[in-house]
Amino acid sequence: MAEMVFKRTKGLQDRPFHYCPGCTHGIIHRLVAEVLEELDVLDNAVGVAPVGCSVFAYDYFNCDMQEAAHGRAPAVATGIKRTLPDNVVFTYQGDGDLASIGTAEIVHAAMRGEKITTIFVNNAVYGMTGGQMAPTTLVGQKATTSPFGRDRDHAGAPIRMSEMLATLDGPAYIERVTVTSPANIRKAKKAIKKAFQAQIDGKGFTMIEVLSTCPTNWGLTPVEAIKWLEENMVPYYPLGVYKTPEEVE
Amino acid sequence: MAKVLMKGNEAIGAAAIKAGCKFFFGYPITPQSELPEYMAREMPKAGATFLQSESEVAAINMVYGAAGAGARVMTSSSSPGISLKQEGISYIAGAELPCLIVNIIRGGPGLGGIQPAQSDYFQATKGGGHGDYKMVVLAPASVQELTDLIMEGFDIADQYRNPVMIVGDGMLGQMMEPVELREPKKRNLPPKDWATTGKGGRGHTNVINSLFIDPAECEKHNLKLKAKFDQMEKNEKKFEVYNCENPDIIAVAYGTTARIIKTVIEKCRDEGINVGLIRPISLWPFPYEVIEEYADRTKAFISVEMSMGQMVEDVKLGANGKKPVHFYGRTGGMVPIPDDIVAEIKKILGGAE
């Protein structure tokens, strides 16, 4: 009898992901799901899915889910958490959802210190709609709506959400991670777990920003995409902790 | 319970709390700000939560989240703010969530003004947000009726898992009248076993959603919603028929305007003109059959509104060509004056038919 050495986490449903080859959403889903399983909160967790590539997250996470309108996940999560203060509530949002159309909602959920966890997946592009420029698209980066590369004079410089939200008193924990290597994946999981734990401990708003790849819309192979992220995104979006739960007492 | 004198906006709050509303999410806007102010003061005393949102958009999405988690929840605003909520209302209807939305209508379009108006009739009854959806829209004409409909509105929302809207205007919101908070007729409300409360021992996950990427599935969902809207249309019509025994003309009016028509009826009676009133209380579902029924007994209809002519289209549908349908309206926050309506009626009845 063979020994089982690897299996699907109970935090995910038995459904194939719709994500493109090389996209790191699958890894990030798995990390969140493993954390929910390990913290033993799958039975009381309520997640909020965004509009964007991860719009079907409600089909994947093995917990109660609500599908929000584009950008409104933090407001929806606020309604859920205020109704169910003892439940673990999280949002899973992309950069178009969180850093563009939903900026007001994320800033104010963070300001209020809503006791929710936001998983913010930043891949510097609108993925689902076909590779348009996002507020996080790097200067010079080509996208379908910045065909000559993002021009700083015309479209501004990309927004750093973790840094911006860390200026507020409401957040208890904000960290930026990535999933480009096994070591980084382990760090990302640790951060996600710490964020959910801080929520359970009632500390305040928590957000983990995960730098993610989009090989399809970047026009790169999965391996090239990992390299591009590390060489271009990480310098502009430095990994690290921007707010720690220890500071909030 | 003894009657107490209450201002319309505050009476809404008192009725909602009495009806077991546990959450209010709102954003300030004239002329309804007394309501969130009242809720901020009174809800904590009732073990309920008032939260001021960053925008009307956020408020309606907080309503979505709370309703999806099984809470009895409401929001309120006035015209421009209700426009901002339309996206959320469409999602709420699509995801089949119960909630109460109050619109204290002011003059439009755009920023318009802050005085009483009825120019959001189309928005409230014909969609407002995107997609095929309907919601019960109730238009009280007194503070007592306002509280009755707020309380019943929550039950209607729960019964059909659908948003319900109450429309008033600044006049109703600001006027003080004696009120008694009365329990609505008991309805058989289904359990909220669809709510996302954590899957716990349920054995399956609950998902609140309005996305159906397969067009065949999306159509199926629409057919299911339509069946529900048909039930609402059949069961939830409310109207008042007043002084319609032998009318020369029937005025169709709702809310504040219907009160003005009652004065018009008295004034016309003195001059030997018999004016009837059909007052739709539910603007959707609209009482088309009542209009059609009375078409046989009157020479004409006049739709009187604080708009440039919106409900008049439904009155015409109800009259179905049997009798002429006239219109008189003031808008932008101007309230019709009884004498002007009397003059309009005389013009209609004196004119060639």
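In the predicted model, strand E4 (residues 117–122) of chain A runs parallel to strand E6 (residues 205–211) of chain A, and six bridges join the two. Strands are DSSP runs of type E with at least two residues, helices are runs of H or I with at least four, and both are numbered from the N terminus. Two strands count as paired if DSSP finds at least two bridges between them. Local features need pLDDT of at least 70 and side-chain atom pairs count only at pLDDT 80 or more, whereas totals for chains, interfaces and linings use all residues. Residues are numbered from 1 along each chain as its sequence is written, and chains are lettered from A and ligands numbered from 1 in the order in which they are written.

Strand E3 (residues 88–94) of chain A also pairs with E4(A), in the parallel sense, over five bridges. Val121(A) takes part in both pairings. It is the bridge partner of Gly94(A) and stands opposite Val210(A) in E6(A). Six of the six residues of E4(A) are buried, so the strand is largely enclosed by the rest of the structure. A residue is buried if 20 or more other C-beta atoms, placed from the backbone, lie within 10 Å of its own. Thr117(A), Ile119(A) and Val121(A) point one way from E4(A). Thr118(A), Phe120(A) and Asn122(A) point the other way.

Helix H5 (103–112) of chain A has buried residues at Glu105(A), Ile106(A), Ala109(A), Ala110(A) and Arg112(A). Seen down the helix axis, these fall within an arc of 165°, so they line one face of H5(A). The arc is that of the directions from the helix axis to the C-beta atoms. Just after H5(A), Gly113(A) takes a positive phi of about 65°.

The contact between the chains takes 28 residues from chain A and 32 residues from chain B. Residues are in contact if their C-beta atoms, placed from the backbone, lie within 7 Å. On chain A, strand E1 (45–49), strand E2 (64–67), helix H3 (73–83) and H5(A) each supply at least two residues. H3(A) gives the largest share, eight residues. E2(A) pairs in the parallel sense with strand E9 (residues 207–208) of chain B over two bridges. There, Gln66(A) stands opposite Ile208(B).

An automatic or database domain assignment divides chain B into domain 1 (4–235) and domain 2 (240–350). Contacts involve 29 residues of domain 1 and 22 residues of domain 2.

Technical notes:
Contact = placed C-beta atoms within 7 Å. Buried ≥ 20, exposed ≤ 12 C-beta atoms within 10 Å, placed from the backbone.
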